[in-house]
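I set out to record what I looked up in this structure, entry by entry. The entries follow the order in which I worked.

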Amino acid sequence: MPVNRRDFLKMSGLFAAWSALSSCAPVVPILDSPTATPDSIATPTLPLDDEALIIHTLKRISFGATPAMIEKAKRIGIHAFIEEQLSPESISDDETKDMLEQFSTLTMTPAELFRLEKKGTPVQELIAATITRQWHSERQLFETMVDFWGNHFSIFIGKNFCKVLKTDDDQKVIRPNALGKFRDLLHASAHSPAMLVYLDQAESRGESPNENYARELMELHTVGVDSGYSHHDVAELARVLTGWTITRPRNRKTEPGIYEFNPEIHDNGEKHVMHMMISPGGEDEGTQVLDMLASHASTAQFISSKLARRFVSDSPSPELVDALSNVFIQSDGDTRQTLRALFDSESFKASAGQKFKKPLDFFISALRLTDTTVKRSTRGLQEHLRLLGQVPFTWQPPDGFPDNEEYWATTSGLLERWNFGLLLMSNQIKGAEVDLKALTKDAASPEDVVSVLSLRFLGEQLPDDARSIMVDFASSGNIEDNIPSIAGLILGSPHFQVR
Amino acid sequence: MDTKLSRRDFLKLAGSFAVAPALPTWMPRMAFAPQGVEPPGDILVVVFQRGGMDGISAVIPHGDGDYYQHRSALAIPEPEDGSDQTGIDLDGFFGLHPSLRPLKDLWDEKTLAIVHAVGSPDPTHSHFDAMDYMERGTPGEKSIPTGWIGRHLQTAPWQNESPFRAIGMGGVMQAALRGPIPVTTLKSISDFHLQGDVSQLTEIRARLESLYNLGSTLDAEAMETFNAVDMLDKIDVTNYTPSGAAVYPETEFGMAMKQVAQIAKAEIGLEVACVDIGGWDTHNQQGQLEGELPTLLNEFSSGLASLYHDLGDRAERVTIVTMSEFGRRVRENGSEGTDHGHGNCMFVLGGGVNGGKVYGEWPGLAPEKLFDGIDLDIKTDYRHVLGEVVEKRLKNPSLGEVFPTYSDWKNLGIVQG
């Protein structure tokens with residue numbers, strides 16, 4: 001029986017230690033670099049100079065632009081930096097790899113996972129590993145795309161077998177294909193035991209098919225709801241996919257939790273899906289339809305518009321979406337090529353500060369940019385991520401966490417962000433530690449403290465009006481005593497809520 | 001392309017109407033009581049059952065023989081007196097699922113009405129489109145960016161500047177609330193205060209107010225947050241004991257309903273609360289008398305009943321309405337679940353409800369009577385139900401603006417007034 005989100009959160013206790021290690025990225029002195037044009041979240045954005053373009057790009061392709069990233073991008077150029085990020089295998093990431101070794105369930109097979117006594121362990125470890133990677137990995141664009149596709153092919157980790165099988169989906173479906181061809185990703189997802197369980201495809205039988213997966217395959221994974229298919233198309237696709245199921249944990253003859261096509265429950269009649277006639281062909285029928293959907297023009301539009309919303313703005317221009325869609329089609333659904341075109345577009349370059357950070361973006365960027373370290377328990381941090389509202393894989397409906405300001409910029413949402421920033425910086429979150437002395441270095445005057453912290457957290461100085469509010473605060477009373485609140489306020493400022 | 005106007009665009013357009021800071025924002029705000037005219041009507045609580053509730057399992061048409069033809073594993077048995085393994089008879093034709101037992105007393109005392117074969121007429125089977133249409137109040141039409149409750153608040157002939165005029169529980173702003181009137185979202189009343197270095201909170205608060213007064217798109221939302229924090233500061237949140245022997249379910253939904261009662265009793269200007277309860281998308285093994293759906297129905301009904309009982313005399317001035325984006329397929333599928341359907345049922349509860357009756361024409365479940373050959377047909381547009389509540393209980397006569405694409409109004413007599 002499916003476990004609902006509440007039970008699941010109660011039951012799992014959530015997250016093992018994310019990492020006891022600290023990120024020891026060198027702090028690069030960049031104070032003397034020319035001051036960038038501040039991102040403005042109120043006025044139309046002007047064309048950016050080189051440095052501002054670097055900062056803007058890094059904020060979008062990562063979970064937080066650290067001094068080390070900024071320094072490197074300045075040194076090798078933003079174009080080369082993006083190219084390197086697009087080939088994550090070329091980036092050494094040993095430190096992250098070491099941190100992940102504590103999560104033993106990450107590389108287990110479904111059979112091994114099913115044998116575990118505590119079914120909550122793989123859930124805790126996958127969530128913890130995901131956050132560890134987003135926080136520490138050098139392959140930031142790759143992790144950004146893993147997050148993107150993980151939400152596109154969203155699976156609620158609390159639903160029965162998904163507790164063990166989402167680990168397998170992450171490992172074999174999302175991560176290997178995050179920067180590859182959409183067709184491969186789609187096929188992999190359609191064979192993913194976790195997806196087949198989550199959307200009930202594994203239970204669908206020929207005589208009376210279950211339509212859940214067929215519907216979302218069209219509506220959410222490929223062509224989109226406005227592409228003109230009918231309810232009849234959904235019902236026909238459900239017939240096509242009958243027999244796409246998984247091996248059961250109780251069946252002792254086979255290894256459990258593996259995709260299998262079961263011809264005995266497949267509907268062998270002729271079908272028609274979106275004007276395509278499908279002759280009886282068993283498993284191959286589904287393969288044909290997946291190919292058709294992967295190369296459908298509506299899919300190119302749908303994926304392009306989601307990428308543009310992720311990387312550019314909540315309402316990207318139709319021209320941008322069309323341009324990306326053309327690249328997507330011409331490159332046979334190549335994510336790398338489409339991203340290159342996106343980062344190269346004028347729309348992208350002119351969109352600095354226009355994306356509101358999702359709670360997870362906010363949370364991870366705060367941890368990255370403050371060099372937070374974890375001492376023993378992450379319980380305190382866990383609780384804040386829950387309050388912020390975006391523990392990975394806990395979105396129950398199949399459409400993935402929303403990625404827009406309208407959904408997340410709420411009263412309670414803002415309050416949680418302010419509180420997280422202020423508590424983190426005053427070292428009041430249990431198990432988390434921030435070394436403000438290291439962050440502020442030699443800064444002693446109110447002006448210098450505000451400058452150093454702004455540059456560190458925002459990659460640039462605060463605009464003058466906000467800066468003078470902060471300097472005024474820093475000048476009231478003892479500067480030493482004020483530093484935690486100054487730092488917390490910058491994390492709570494409107495400027496830190498956008499990327 | 002999507003050209004919808006965001007709430008913040010609205011706030012800009014609405015200008016001083018929505019939020020009118022007369023004082024410099026860095027000054028400590030005076031705690032304020034709701035200004036202007038006292039709202040003349042009820043408090044409205046809208047419960048949205050996300051995922052598509054199986055309406056013919058919740059309120060079973062046991063008098064319709066076709067019901068038992070379509071459902072072999074999932075049909076709820078015909079009512080038998082004294083049994084908790086059968087439906088609970090309501091009127092000889094309809095009955096409640098046994099897991100909705102907490103609603104039976106309310107039915108008997110005629111404060112609970114049910115509308116059946118009701119819903120949004122758009123035929124979509126997409127959760128997301130169906131919810132979107134329902135919450136906009138304009139089925140089939142996405143060009144109007146506001147929600148039906150947002151337009152109600154906007155057109156109501158009274159003013160109420162309380163930050164708790166409209167609240168979205170669960171920390172989200174439900175799409176029905178979209179519009180120019182600010183909405184406070186809440187997860188937990190007791191956590192709704194500023195934290196940090198306690199010796200500096202006053203200073204921190206002042207600087208935050210200044211930082212959110214520099215023209216960012218977040219300014220209005222931040223102002224709303226400060227106002228809400230100030231107001232909740234005056235409520236004793238730690239010692240709340242529900243009245244009327246109400247025992248709320250220990251779930252997010254139960255806690256949300258309890259906090260609605262708390263805010264309603266605090267008399268801080270509450271007019272509308274939106275509460276969500278998810279998990280209704282029961283494609284697989286939904287359960288007949290036990291299991292996924294029965295568990296949810298029990299949580300749902302005890303949440304509704306607890307709120308009603310907890311409110312005591314105040315329930316005279318509260319109306320609770322429930323809805324779900326669509327019902328489920330009449331015929332069960334091969335995995336003992338149900339796929340996305342069309343018609344559904346709604347519950348209307350409150351002191352001003354003409355309860356003890358199932359409203360709406362019943363289309364029947366004979367194959368030729370089904371919508372598109374598969375689904376329960378819709379004989380009552382859900383806007384009739386909401387329209388009546390808006391006009392008679394909330395005392396807002398502007399139905400043409402609340403539901404701009406609808407004009408074929410019928411008076412069902414579900415509520416008094």
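This is a predicted model: local features need pLDDT of at least 70, side-chain atom pairs count only at pLDDT 80 or more; totals for chains, interfaces and linings use all residues.

I began with burial, for which I counted a residue as buried if 20 or more other C-beta atoms lie within 10 Å of its own.

**Entry: a strand in chain B**

I examined strand β1 of chain B, residues 43-49. By the cut-off above, 7 of its 7 residues are buried, so the strand is largely enclosed by the rest of the structure. I then checked the two faces of β1(B) separately. On one side I found B:Ile43, B:Val45, B:Val47 and B:Gln49, on the other B:Leu44, B:Val46 and B:Phe48, and all are buried, which leaves both faces covered.

Next I looked up the pairing of β1(B). It runs parallel to strand β9 of chain B (residues 318-324), to which 7 bridges join it. Within that pairing, B:Val318 of β9(B) is the bridge partner of B:Ile43. I also noted 6 bridges from β1(B) to strand β8 of chain B (residues 272-277), again running parallel. In β8(B), B:Cys274 is the residue opposite B:Val46.

**Entry: a sheet in chain B**

I turned to an open sheet of 3 strands in chain B, with the order β2-β4-β3 and antiparallel pairing. Which strands stand at the edges? I found β2 (59-60) and β3 (88-89) there; each has a single partner strand, so one side of each is left without a neighbour in the sheet. For β2(B) I recorded 2 bridges to β4(B), residues 95-96, the two running antiparallel. B:Val59 is placed opposite B:Leu96 of β4(B).

**Entry: A:Ala194**

I located A:Ala194 in helix α11 of chain A, residues 193-198. Is this residue buried or exposed? I counted A:Ala194 as buried because it has 30 C-beta neighbours inside 10 Å. Leaving aside residues up to four places away in sequence, I listed its contacts as A:Ile155, A:Cys162, A:Leu165, A:Lys166, A:Asp168 and A:Asp169. I also noted a C-alpha separation of 8.7 Å between A:Ala194 and A:Ile157, which are 37 residues apart along the chain.

**Entry: where chain A meets chain B**

I found 52 residues of chain A in contact with 53 residues of chain B. On the side of chain A that touches chain B, α12 (212-221), α22 (411-425), α25 and α26 (479-492) each supply at least two residues. The largest share, 9 residues, comes from α22(A). By class, I recorded 21 nonpolar, 20 polar and 11 charged residues on that side of chain A.

I then took up one helix pair across the two chains. Helix α25 of chain A (residues 464-475) packs with helix α7 of chain B (residues 201-211) at an angle of about 170°, the axes being 10 Å apart. That angle makes α25(A) roughly antiparallel to α7(B). From α25(A), the contact is made by A:Ala466, A:Ile469 and A:Phe473, and from α7(B) by B:Glu203, B:Arg207, B:Ser210 and B:Leu211. I classed these residues as 4 nonpolar, 1 polar and 2 charged.

**Entry: confidence in chain A**

Finally, I looked up the pLDDT of chain A. Its mean is 91, and 91% of the residues reach 70 or more. Over residues 1-45 of chain A, however, the pLDDT is below 50. I noted that this stretch has 103 contacts in the model beyond near neighbours in sequence.

How values were computed
Residues are numbered from 1 along each chain as its sequence is written. Chains are lettered from A and ligands numbered from 1 in the order in which they are written. Axes are lines fitted to C-alpha atoms, for helices over the stretch in contact, and angles run from 0 to 180 degrees between N-to-C directions. Helices (H or I, at least four residues) and strands (E, at least two) are DSSP runs, numbered from the N terminus. Angles under 35 degrees count as roughly parallel, over 145 as roughly antiparallel, 65 to 115 as roughly perpendicular and the rest as oblique. Two residues are in contact if their C-beta atoms, placed from the backbone, lie within 7 Å. Ala, Val, Leu, Ile, Met, Phe, Trp, Tyr, Cys and Pro count as nonpolar, Asp, Glu, Lys and Arg as charged, and the others, Gly among them, as polar. pLDDT is the predictor's confidence in each residue, from 0 to 100. A residue is buried if 20 or more other C-beta atoms lie within 10 Å of its own, exposed if 12 or fewer, and partly exposed in between; C-beta atoms are placed from the backbone. Two strands pair if DSSP finds at least two bridges between them.
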